[in-house]
Amino acid sequence: MRAFVFPGQGSQKVGMGADLAEASAAAREVFEEVDDALGQKLSQIMREGPEDQLTLTENAQPAIMANAIATLRVLEKECGVAIVDKGDCVAGHSLGEYTALCAVGAFSLADTARLLKLRGQAMQAAVPVGEGAMAALLGADIDKAQALADAAADGEVCTVANDNDPTQVVISGHTGAIERAIELAKEHGIKRGIKLPVSAPFHCPLMQPAADAMAEALAETSPGALRLPLYANVTASQTADPAEVRRLLVEQVTGRVRWRESVLAMSGAGVEHFVELGGKVLGPMIGRIDKEAQVTSVVTMDDIEALAKEL
């Protein structure tokens, strides 16, 4: 069995998609369609920067999605490989869940771009800059991370945001609580805590205003039928029910990204081959979660052609 997976925030970089757009009309069409949907030259920011513009959450989220869907379209249109024929399920890390849903036809490309733009804006606006923070805990499993978050909270929000793999957990919450957690990390048997260069505390209860905004948006732009089932971040289990998908996308804004559990659930269901489209971020995580898994990360035209031959 095979899963197609899609990366989340942090995988953006200036120049992303430029070589693909140069080599492929199918990729260029994706970037043009996203630009039109958003009424902005996002493809130019992706190609040329500046980096601080690309890193803005409201730009990074649709940019990462566009890059992954462009990779997918080249695979499908120019190499004749359809993921519904070659895949058994999909999953995405945080915003990557929207990319996954676009890939299996639950959202159109234009709607996905608009939803992610709004999601980025709403997440940014939910907490005043400086009041929230996130930190990656290196050498931490989920139990150690939870114990540290509980110890550091001290009446503020401090919670596990991303359970990425057995060696990396991300916490999120009030800035003071996150700074206390970094100081206390060694006492909890964690190698170190590193404050992340993000502008808001994602996937924690402070994001409730953004969850409310997404509930409103998703009521107007509901997901349609899925051509492959999705392993959802919030539950780490499989769903193909559009109504449930909509509910889980709202919960995902404040909820934990259960990536490690999702990969274990897919492996447990028989997935042996994971294909990451549009990044090389999830591949290493999957390798640490399931040492038996075959992992292919696809970014360049050469990567796409090699994958097409393999499939």
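A crossing of two helices is right-handed if the near helix is turned clockwise from the far one by less than a right angle. With that in hand, here are the close-up views, all taken from a predicted model.

**View 1. Helices H5 and H8 cross in a right-handed sense.** Helix H8 covers residues 109-126, and its axis runs 7 Å from that of H5 at an angle of about 155 degrees. Angles over 145 degrees count as roughly antiparallel, and H5 and H8 are therefore roughly antiparallel to each other. On the H5 side, look for Thr57, Glu58, Asn59, Gln61, Pro62, Met65, Ile69 and Arg73. Facing them from H8 are Leu109, Thr112, Ala113, Leu116, Lys117, Arg119, Gly120, Gln121, Met123 and Gln124. Sorted by class, this H5 and H8 contact has seven nonpolar, seven polar and four charged residues.

**View 2. Helix H5 also meets helix H15.** Here H5 (residues 57-78) and H15 (residues 301-310) bring their axes within 10 Å of each other, crossing at roughly 45 degrees. That angle makes H5 oblique to H15. The handedness of this crossing is right-handed. H5 contributes Thr71, Val74, Leu75 and Glu78 to the contact, while H15 supplies Met301, Ile304, Leu307 and Ala308. By class, the contact between H5 and H15 has six nonpolar residues, one polar and one charged.

**View 3. Tyr98 and Phe107 form a stacked aromatic pair.** The count of aromatic pairs comes to one. The ring centres of Tyr98 and Phe107 are 6.3 Å apart and the ring planes lie at 15 degrees, so this pair is stacked; the cut-off for stacking is planes under 30 degrees apart.

**View 4. Phe274 is a buried residue of strand E9.** The strand spans residues 273-277, and the relative accessible area of Phe274 is 0%. What surrounds Phe274, leaving aside its neighbours within four places in sequence? Its contacts beyond those neighbours include Ala3 and Val5, then Val263, Met266 and Ser267. Ile286, Ala293, Gln294, Val295 and Thr296 are also in contact with Phe274. For a handy distance to check in your viewer, the C-alpha atoms of Phe274 and Gly287 are separated by 9.7 Å, with the two residues 13 apart along the chain.

Conventions: Residues numbered from 1 in each chain as written. Predicted model: local features only at pLDDT ≥ 70, side-chain atom pairs only at ≥ 80, totals over all residues. Heavy atoms only, no water. Axes fitted to C-alpha atoms, helices over the stretch in contact; angles between N-to-C directions. Helix = DSSP H or I, 4+ residues; strand = E, 2+ residues; numbered from the N terminus. Parallel < 35°, antiparallel > 145°, perpendicular 65-115°, else oblique. Contact = heavy atoms within 4.5 Å. Nonpolar A, V, L, I, M, F, W, Y, C, P; charged D, E, K, R; others polar. Phe/Tyr/Trp six-rings, centres within 6.5 Å; stacked < 30°, edge-to-face > 60°. Buried < 20%, exposed > 50% of the residue type's maximum accessible area, 1.4 Å probe, protein only.
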